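Here are a few exercises to work through with the model open in your viewer. Try each task before you read its solution.

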Amino acid sequence: TLVVPTHYATIQAAIDGAAPGDTVQVLGGIYIEQLRIQKNLAIVGAGMDATVIRAPYSLRRGELKETAIVEIFNGAKVVMSKLTVGGPGQGTCKKGALNAGIRVHGKAHLDVSQAAVRDIQDTPLAPCFRSGTGILVGEVPGPTASLTIDRSEVTNYQSAGIVILGFGSTADITRNTVTGPGFAGNVATDGIEFPVGSVGTISHNTVSGNICPVIDSGCGPDWFTQFQHAGILAGGWGPGTVVTNNLVYG
């Protein structure tokens with residue numbers, strides 16, 4: 001077990017120094033950094049909102065030319081628990097936007113429990129194309145990726161809470177709280193999305209705060225002229241997703 005900041009000053013330094021299969025224990029505190037993980041590891045904090053990995057002021061782009069606070073790729077199998085990944089990003093829609101809180105791709109798998117992803121948005125919060133997703137998994141086209149998330153919270157995102165993307169990408173989403181900004185955000189959001197052939201299980205979650213704001217005329221119930229937004233969107237091009245016993249409300 002490698003302990004931050006006792007053995008290493010930063011979480012990324014501990015990740016770089018770890019051997020595959022090691023555990024990185026992160027003591028309570030706020031750690032302003034972006035993480036790149038491409039080996040099998042466990043990262044364990046001191047508790048949700050006690051250990052916080054926060055977006056730096058300036059965000060660098062990752063393997064997919066996107067920005068994320070935590071990026072997991074190269075087939076890595078990563079366990080994260082008892083910590084929070086948090087924004088906001090300091091960029092805008094046009095410059096330095098924060099695409100995702102956690103980005104999983106390249107045949108990687110993430111197992112999250114008793115953790116949180118919060119405030120994944122730009123400054124100010126705005127309807128920015130392809131930015132502000134809490135957890136984004138998979139690629140189109142591209143290699144699959146997968147997620148297991150349990151007893152965790154994804155809150156106050158700008159675009160969507162959890163998105164599982166692409167044929168073959170999978171997720172098991174169980175006993176979580178996914179909360180959008182609601183009317184206070186004035187942006188259209190989705191809680192959980194399974195688009196473009198992804199499949200999985202969505203059960204016993206509470207999903208709320210996802211709305212079509214009055215100021216957005218392009219968001220609404222008309223399938224021909226408007227985009228639809230909802231708490232859970234599943235089964236678009238990949239039948240097989242199981243959705244059971246969720247509480248979904250505005």
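Before we start, one working rule: two strands count as a pair if DSSP finds at least two bridges between them. Also keep in mind that this is a predicted model.

**Exercise 1.** Work out the strand order of the seven-strand open sheet, and find which strands stand at its edges.

*Solution.* Step one: follow the pairing, which is parallel, and you get the order β4-β7-β10-β13-β16-β19-β22. Step two: look for strands with a single partner. Those are β4 (35-37) and β22 (232-234), so each has one side left without a neighbour in the sheet. Step four: zoom in on one pair. Strand β10 (residues 100-104) runs parallel to strand β13 (residues 133-138), and four bridges join them. Within that pairing, Arg103 sits opposite Leu136 in β13.

**Exercise 2.** Which residues have the most contacts inside the largest nonpolar core?

*Solution.* Step one: the core has 50 residues, and the list to find is Val70, Ile72, Met80, Val85, Ile102, Leu110 and Leu147. Step two: pick Val85 and list what it touches, leaving out residues up to four places away in sequence. Its contacts include Val70, Met80 and Ile102, along with Ile53, Ala116 and Ile120. Another, of seven residues, lies apart from it, with Ala100, Leu136, Ala160 and Val196 among them.

**Exercise 3.** How many cavities of 30 Å³ or more are there, and what lines the largest cavity?

*Solution.* Step one: the count is one cavity of 30 Å³ or more. Step two: the volume of the largest cavity is about 100 Å³. Step three: its lining has 15 residues, and Gln34, Gly62, Glu66, Ala68 and Glu71 lie nearest the centre. Step four: bring the strands back in. β4 and β7 (68-72) each supply at least two lining residues, and β7 gives the largest share, three residues.

Note on methods
Residues numbered from 1 in each chain as written. Predicted model: local features only at pLDDT ≥ 70, side-chain atom pairs only at ≥ 80, totals over all residues. Heavy atoms only, no water. Core = buried A, V, L, I, M, F, W, Y, C linked by side-chain atoms within 4.5 Å. Buried < 20%, exposed > 50% of the residue type's maximum accessible area, 1.4 Å probe, protein only. Contact = heavy atoms within 4.5 Å. 1 Å grid on protein atoms, 1.4 Å probe; cavity = no way out; pocket = protein on both sides within 12 Å on 5 of 7 lines; lining within 4 Å. Points joined across faces, edges and corners; volume = space filled by probe spheres on them.
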